[in-house]
Amino acid sequence: SGGAGGEFGPTLVIGGLVGGAFGLVFHALLPSWVPDPGAFALVGMGAMLGGVAHVPVSSLILVCELAGSYDLLVPLMLAEGITYVLLRRVHLYRRQVPSRLHSPAHRHESRDVLESIRVEEVFRRDERLDTVPRCAPLAEVLHRMGEAERPALLVVDDAGRPVGVISLDGLQGAIGEDGLQGLALAADVMVHLVPLRPRDDLHAALHAFLETGSHALPVRERDEVVGVITHDDVTVAYEREVAERLRADPAE
């Protein structure tokens with residue numbers, strides 16, 4: 001079925017066996033360096049569970065509590081970090097969804113609320129995102145992002161038409177690439193805009209935020225930017241609508 005089955009027990013057993021075997025081998029080869037092979041079994045348990053279940057912090061605390069000591073905290077952190085990086089894009093279950101938003105079982109919890117609210121009810125009509133030309137070098141993009149009121153920049157073409165958006169998270173990823181700062185342009189680090197209109201509902205707006213990774217997006221009407229909507233605007237509107245529904249019908 002692709003659903004969750006027995007994961008916890010087998011993961012701990014396999015991780016403990018692999019870690020223990022690793023510790024025994026190195027104890028036989030370098031007994032002065034590896035005096036206690038049992039510690040490797042505990043680290044293996046934590047690393048295996050953290051990597052498979054994508055819960056590095058929880059598995060770290062769990063193993064320390066099982067051992068009754070936090071002496072293995074540093075090696076556990078190192079092992080957990082390695083396994084999480086290696087397995088963060090790997091899912092144990094084929095049908096595992098990225099979040100509750102993508103889950104058909106939980107879709108009714110938020111979708112009907114978001115679809116009942118229009119973008120025109122919550123967006124900031126008088127605000128605009130700071131713009132940057134698509135041919136601007138990365139150094140100029142960084143400078144404008146530092147001066148911008150919102151953690152997002154609107155990329156425009158030579159005619160001033162919006163063609164993309166640069167989010168703070170996306171910009172941080174570009175900065176981490178060696179040698180990219182001297183070569184990249186705004187067009188290289190932007191993501192294409194997902195059209196948002198005043199008559200769209202907030203469910204469409206939320207998917208636009210997920211697709212672009214931006215905290216703020218422009219709202220357009222007849223190909224003209226008429227305002228800005230932020231992720232916080234969607235969250236506040238959703239919480240307000242849920243509160244109003246609970247007041248109207250406490251049985252919900």
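User: In which helix do Phe22 and Phe26 both lie, and how many residues apart are they?

Analyst: In this predicted model, Phe22 and Phe26 both belong to helix H1, which spans residues 8-29, and they sit four residues apart, about one turn of the helix.

User: How many aromatic pairs does a search of the whole structure find, and why is the pair of Phe22 and Phe26 called tilted?

Analyst: The search of the whole structure gives two aromatic pairs. For Phe22 and Phe26 the ring centres are 4.6 Å apart and the planes meet at 35°, so this pair is tilted, because planes under 30 degrees apart count as stacked and those over 60 as edge-to-face. Phe22 also forms a tilted aromatic pair with Phe40, at 5.7 Å centre to centre and with 45° between the planes. Since Phe22 lies in helix H1 and Phe40 in helix H2 (residues 38-53), that pair ties together parts 18 residues apart in sequence.

User: What relative accessible area does Phe22 have, and what is the value for Phe26?

Analyst: Phe22 is partly exposed at 44%, and Phe26 is partly exposed at 30%, while Phe40, with 28% relative accessibility, also counts as partly exposed.

User: In what order do the strands of the sheet run?

Analyst: Strands of a sheet pair through backbone hydrogen bonds, either parallel or antiparallel. Here four strands form an open sheet in the order E1-E2-E3-E4, with mixed pairing, and the edge strands, E1 (131-133) and E4 (191-192), each pair on one side only. Strands E2 (residues 152-156) and E3 (residues 162-167) pair in the antiparallel sense over five bridges, and Val155 has Gly164 in E3 as its bridge partner.

Definitions and conventions: Residues numbered from 1 in each chain as written. Predicted model: local features only at pLDDT ≥ 70, side-chain atom pairs only at ≥ 80, totals over all residues. Heavy atoms only, no water. Pairing = 2+ DSSP bridges. Helix = DSSP H or I, 4+ residues; strand = E, 2+ residues; numbered from the N terminus. Phe/Tyr/Trp six-rings, centres within 6.5 Å; stacked < 30°, edge-to-face > 60°. Buried < 20%, exposed > 50% of the residue type's maximum accessible area, 1.4 Å probe, protein only.
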